[in-house]
Amino acid sequence: MTGTLTNYLFHQMKIGDRASLVRHVGPKDIELFAAVSGDANPAHLDAGFAAHGPFGHVVVHGMWTAALISAVLGTRLPGPGTIYLDQQIRFNKPVSPGDTITAEVEVAELIEGKNRVRLTTTARNQRGEVVLSGEALVLAPVEQVTWVPGDLPEAVVLPKGRWQGFVEEARALPPVRAAVVHPCSKSAILGAIEVRDEGLLDPILIGPGAKIRAAAAEAGVALDGFRIEETEHSHAAAARAVELAACGKVQVLVKGSLHSDELLAAVVSKSGGLRTERRISHVYAMDVPAYRKPVIVTDAAINIAPTLEHKRDICQNAVDLMRLLGRDQPKVAVLAAVETVNATMPATLDAAALTVMAARGQITGALVDGPLAFDNAISPEAVATKGIVSQVAGEADILLVPDLEAGNMLAKQLIYFAGATAAGLVLGARVPIVLTSRADPLSARIASAALAKLVAVRKAEGKA
């Protein structure tokens, strides 16, 4: 809202004074009103349902239109300081998405001695048809106010989490046994309780018992029902967790309050039993509101300066995850700063080589193309503008970054600037490993555990 707002006191108003405002209403306004009010009537939200209703199409919530009357009273006439006492409303015609509504109030009666004002209230669409009529009773302001409002916060309607279907699918499966390694902090203990209470994982707590219990006391939670595997320190906790995973007693590892390097060193140890022929790598499974589907960013946490062979494994790990989740032929965009091969830019050479390796069967189950700049990987408009011919460009499911620094910056920019939720998982070992940060929101921690559970279950079913 812009401009200066000046109110009208009781003695400054006269019969016939008017004020109005104009608003356009679109589908996002309907979704936002439904989200704020909780009114999920399908007559407002589901075109298929509404097609069989009395109007044959989706209609705007009646109270959205009524709220415009409130806005006129509170900001125009009488203005700031007005107290709403009563409102009678008649909804004369439906308001449709795309309509432009003019809401107007007119002073009809000044009630002396009580400082009250009765106003007629009307809303019309762009064709001049009355869609709402009625009468309001308000208490006029008692002090003159001239007010310059600040900018209202921008309201954004975000779609339902794109990983939510996987989370719900994981919840429907029996809990999977998981080793929570060295949960000796408040956040690690609460994380173990969260995934247990969500029905995702059945955690074993591995580490120094006294420290684990102290962390639980700090968090104000009981450890009833939890099995604790006593170890002397974090290094021993990591080794014990790997031992349990190697003999099949746990199917998932979850990082607690130890450093990632300490846990992963035990995982890749030649004597640990969890190594495979594949290099381990990290994926961020991301829900980016501005992107139309789930996307994976890899590797942003483990491989600092991966070689071409490392990138092949990083790519295959991400592809295998997508395939486990039901994406038969995911599209991998190998990122660089440009979309042409340049001998002075090693990332473009690796990207071109990976594209050929996929064509020759050295990477399987995916369409791979690169080099692609970020815009060309995710934007069909950028692809069309640049005339790029590619089955991957503009439609990427997986973003394979040149190195850890680029991946880490990209992922965190998407999280903090674009409002993305990122589930972190380590792949390439015999069991999936959940890597989360203390800064991660609950939604990210739950999504990480859900994906790890699905990977474990589907591997056990022989789908990997």
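I take axes as lines fitted to C-alpha atoms, for helices over the stretch in contact, with angles from 0 to 180 degrees between N-to-C directions. Helices (H or I, at least four residues) and strands (E, at least two) are DSSP runs, numbered from the N terminus.

I note that this is a predicted model, in which local features need pLDDT of at least 70 and side-chain atom pairs count only at pLDDT 80 or more, while totals for chains, interfaces and linings use all residues. Residues are numbered from 1 along each chain as its sequence is written, and side-chain values use heavy atoms, with hydrogens and water left out.

**Entry 1: H8 and H9**

I looked up helix H8 (residues 234–246) and helix H9 (residues 260–268). They pack at an angle of about 40°, and their axes are 9 Å apart. That angle makes H8 oblique to H9; angles under 35 degrees count as roughly parallel, over 145 as roughly antiparallel, 65 to 115 as roughly perpendicular and the rest as oblique. I recorded the crossing as right-handed, the near helix being turned clockwise from the far one by less than a right angle.

For contact I required heavy atoms within 4.5 Å. H8 contributes Ser234, His235, Ala238, Ala239 and Val242, and H9 contributes Glu262, Leu263, Ala266 and Val267. I sorted these by class into six nonpolar, two polar and one charged residues. Ala, Val, Leu, Ile, Met, Phe, Trp, Tyr, Cys and Pro count as nonpolar, Asp, Glu, Lys and Arg as charged, and the others, Gly among them, as polar.

**Entry 2: the sheet**

I traced an open sheet of 11 strands with mixed pairing, in the order S10-S9-S8-S11-S18-S17-S12-S13-S16-S14-S15. Strands S10 (227–230) and S15 (367–372) each have a single partner strand, so one side of each lacks a neighbour in the sheet. Two strands pair if DSSP finds at least two bridges between them. Strand S9 (residues 201–207) runs parallel to S10, joined by four bridges, and Ile204 stands opposite Arg227 in S10.

I found H8 packed on this sheet, touching S8, S9, S10 and S11, with its direction at about 140° to that of S9. Helix H10 (residues 308–324) also packs on the sheet, touching S12, S13, S14, S15, S16 and S17, and its direction makes about 170° with that of S16.

**Entry 3: H10 and H11**

I then turned to helix H11 (residues 346–359), whose axis comes within 10 Å of that of H10, crossing at roughly 55°. H10 is therefore oblique to H11, and the crossing is right-handed. Leu308, Glu309, Lys311 and Arg312 in H10 meet Asp350, Ala353, Leu354 and Met357 in H11. I counted four nonpolar, no polar and four charged residues in this contact.
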